[in-house]
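Here are some questions and answers on charged side-chain pairs. Look at the structure, then read on.

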Amino acid sequence: MTATETIAGSPTVSVIIPARNEEATLGSCLESLVAQTGVAFEIIVVDDHSTDRTHEIAQSFSAVRVINAGPLPSNWIGKNNAVATGARAARGEWLLFTDADTIHLPGSLAAALKEAKENGAELLSYSPEQIAASFWEMATLPVVFAELARQYPPAKVSDPASPIVAANGQYILICRETYEAVGGHASIATDILEDVALARAVKTSGRKIRFRYAPTAVRTRMYRNYRQLRDGWTKNLVLLFPNPGWLAAKTLLMWAFTWTVLFLVIARAVKPWWWSTVFVGAFSYLVMRTRRANFDSARSLLAVSFGMPMFAFLLLRSKRAHAKGNVTWKGRTYGPEDKPVNELKHPVPTTAGRFS
């Protein structure tokens with residue numbers, strides 16, 4: 001079944017896309033979604049006060065329902081208001097929250113629903129394949145996602161007994177009953193990092209979540225220039241890492257040590273032959289550290305050469321912006337968060353028996 005065939009019926013999945021000035025990417029996203037098969041679904045685009053052609057592009061797809069986000073309530077984050085609006089209009093048993101910059105591979109929607117059910121997961125989140133085209137994307141993203149993989153190992157995130165929680169807002173499939181039981185986005189209205197906050201609410205309620213890297217299901221290009229990359233990670237990084245200052249210092253020290261050793265070897269400032277071995281060992285360690293991000297060798301080399309200091313800069317910039325209450329994204333400015341949402345406050349009750 002396709003969206004066109006089921007738009008008048010009762011959908012199993014409601015796909016909800018918050019869109020604020022997304023004319024560059026929304027068309028490709030919707031093309032990939034309307035072509036999905038194997039499950040009854042509807043597509044809802046929530047126009048979040050766009051000033052470009054977002055609304056027009058969404059309306060050009062006959063199978064897509066377009067609604068407006070409405071006025072932004074006091075103390076709500078813009079995206080949270082948009083997806084909550086979409087959820088209220090949705091008719092599906094399951095809700096898929098996804099972003100306008102995603103491309104969904106054929107059959108991925110039906111496969112994701114099957115995976116969630118087979119694993120007893122009431123929330124399934126995919127980390128998409130990251131497309132990097134510009135220099136700073138290619139250099140920085142491998143470092144960011146490698147550190148995220150270290151901070152949030154998918155196996156631990158998916159373990160009901162682990163306090164670690166994560167999700168990627170570019171792809172969150174959640175049972176509607178569960179979504180409503182934990183209060184939906186109304187319960188996390190003020191959270192900038194709404195994806196992790198929603199996953200935390202589900203996991204603390206004793207329900208199972210599942211999180212993994214899914215390059216065969218969905219891909220994305222998050223940022224298309226340096227400014228978007230800088231502002232996007234400034235918004236998020238301090239909320240994702242519990243000690244951003246220390247992580248920035250450690251990253252800079254590892255990077256500086258490696259390249260200082262190489263400089264000393266080339267300048268013949270150090271005599272013993274084993275200094276060359278020290279450089280090779282340090283360089284190899286940094287490459288292996290970034291390879292956890294699932295990028296190719298060329299991008300890992302760029303990351304080790306240029307991305308690590310950039311990552312440290314973004315961490316410190318994020319820390320400063322949040323401390324000053326000066327976080328800007330898509331024309332909106334947000335104040336400081338009360339606390340990061342990088343992990344749960346209390347251990348999660350095991351639900352192994354419930355979902356075995």
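A salt bridge is a side-chain nitrogen of Lys or Arg within 4 Å of a carboxyl oxygen of Asp or Glu. This is a predicted model: local features need pLDDT of at least 70, side-chain atom pairs count only at pLDDT 80 or more, and totals for chains, interfaces and linings use all residues. Residues are numbered from 1 along each chain as its sequence is written, and side-chain values use heavy atoms, without hydrogens and water.

Q: How many salt bridges does a search of the whole structure find?
A: Side chains of opposite charge can pair when their charged atoms come close. Searching the whole structure for such bridges gives a total of 17.

Q: How many residues apart in sequence are the parts that Glu-42 and Arg-91 tie together?
A: Glu-42 and Arg-91 form a salt bridge, with closest N and O atoms 3.1 Å apart. Glu-42 lies in strand E2 (residues 41-47) and Arg-91 in the loop between helix H4 (78-89) and strand E4 (94-98), so the distance in sequence between the tied parts is 49 residues. Helices (H or I, at least four residues) and strands (E, at least two) are DSSP runs, numbered from the N terminus.
The number is 49.

Q: Is Glu-42 buried or exposed?
A: Buried means under 20% relative accessible area, exposed over 50%, partly exposed in between (1.4 Å probe, protein chains only). Glu-42 has a relative accessibility of 1%, so Glu-42 counts as buried.

Q: Which residue forms a salt bridge with Arg-212?
A: Arg-212 is partly exposed at 26%. The closest N and O atoms of the pair are 2.8 Å apart, and the partner is Glu-115.
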